[in-house]
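Colleague: Hi! Could you walk me through the aromatic rings in this one?
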Amino acid sequence: MNRQRMDVTIVGGGMVGMAQAALLAVRYPQLRISLLEASPVTPQVRPDTYDARVVALTEASRELLEETGAWSLIAGKRECPYTQMRVWDAEGTGSVYFDCRDVKLPNLGHIVENNVILQALRQRIDELPNVDLVTGFKLESWWRDCGLWHLQSRNPNRGQVEGLEEQAPVLTTRLLVGADGVRSRVRDLLRIRTRDVEYQQTALVCVARCEKSHQNTAWQRFLDTGPLAFLPLSGLGDDRHCAVVWSADDSLARELVMLDDKAFALNLEKAFESRLGGIEAVGERFSFALRARHAEAYYGPGAVLVGDAAHSIHPLAGQGVNLGMMDARVLAEEVGRALERNISPAHASVLARYQRRRRGENASTLKAMSTFKSLFGAGDLHWRWLRNTGLSMVDASPMLKKRIIMRAMSV
């Protein structure tokens, strides 16, 4: 039975997992890192159409991707910087307008397709000599002894690990990082419980071609059945395509899913108040149930959670991946601190410090998003007045808007 000894092993090859691997590899070339991904296939960027699943990257997340070397593979190709953001309430006159010029910056963030980020990070992973990628690795068994984790898979595809046997390989690692999403196996093996909030809402995502230009603006309308966002896309030669994220109560979502494209486009245009003219076409639709989930702890013996394995959030503010990127940044900083002190990156003090720095911050964001969801979903007159007044007050205060923008960009 072949054994591969690693310093850090990351389970999960999504955006956060690959960013974590690349960041550690770039900062600490002395580390031996493995990245284990269950899927044997890396998502590919389609040259003639947009991916419906997108990320609104903050400046902090963009800087992380720049440090890994992935941003240079994305910039100017399939990313859309947005310079303005317009938010308004469907049940009243409250609205708020944000402009990058208010904070003397070139943009407020970047809308990037998931597959574009994944492909860029995958290219960087392939180029980094101290990262071994194993695809098709499905975590089947694990045990811990002598301060090390031993991980075993069944019938993986061979990645970059030379000499890896195709049957019953065992990877041994000092630090195990769970970046394996909301149904994290690593979280389960650590027996870490989560606190879940079911929103009774479903998010529908698709790409819409609009009659008018998106104006490099992120648009969001709050309906009493859930928020609707139009996010600008660019890279295929026009400025009329938007990624749509429509979070709707489950009953409405079921009705929308059953509609044909023409009927769905008409409903979408009405819900958006035709702000960008008619909806000329919609692409393939995807849907997923919405819930908030937060792990009660972020680490166990020699193991730690990042990204959706530790927390998942309502998409109304688009902060999910950004929070995961900040997890990756902080964990990399704590690993570096451990190396400077000549202690193992899996030492309990290292992981406890990471948890102290991230769990409270993430809990505050999750709580804020749940509060916003409740506030904008309330239909009685008192709550309508409160939220419309609040939006108008924010819009009238340049100082408050500047604080909100700077806070959002630092996530």
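Modeller: Happy to! This is a predicted model, where local features need pLDDT of at least 70, side-chain atom pairs count only at pLDDT 80 or more, and totals for chains, interfaces and linings use all residues. Residues are numbered from 1 along each chain as its sequence is written, and side-chain values use heavy atoms, with hydrogens and water left out.

Colleague: How many aromatic pairs are there?
Modeller: The count is six. Rings of Phe, Tyr and Trp (its six-membered ring) pair if their centres lie within 6.5 Å; planes under 30 degrees apart are stacked, over 60 edge-to-face, and the rest tilted.

Colleague: How do Trp88 and Trp219 pair?
Modeller: They are edge-to-face, 6.5 Å centre to centre with 90° between the planes. Trp88 is in strand β5 and Trp219 in strand β13, 131 residues apart. Strands here are DSSP runs of E, at least two residues, and helices are runs of H or I, at least four, numbered from the N terminus.

Colleague: Are Trp88 and Trp219 buried or exposed?
Modeller: Both Trp88 and Trp219 are buried, meaning under 20% relative accessible area (1.4 Å probe, protein chains only).

Colleague: And why do Phe230 and Phe272 count as stacked?
Modeller: Because their ring centres are 3.8 Å apart and their planes at 10°.

Colleague: New topic: which ring does the charged end of Arg275 sit over?
Modeller: That of Trp88, 3.9 Å from its centre. The rule wants NZ of Lys or CZ of Arg within 6 Å of the ring centre and within 35 degrees of the ring normal.

Conventions:
Buried means under 20% relative accessible area, exposed over 50%, partly exposed in between (1.4 Å probe, protein chains only).
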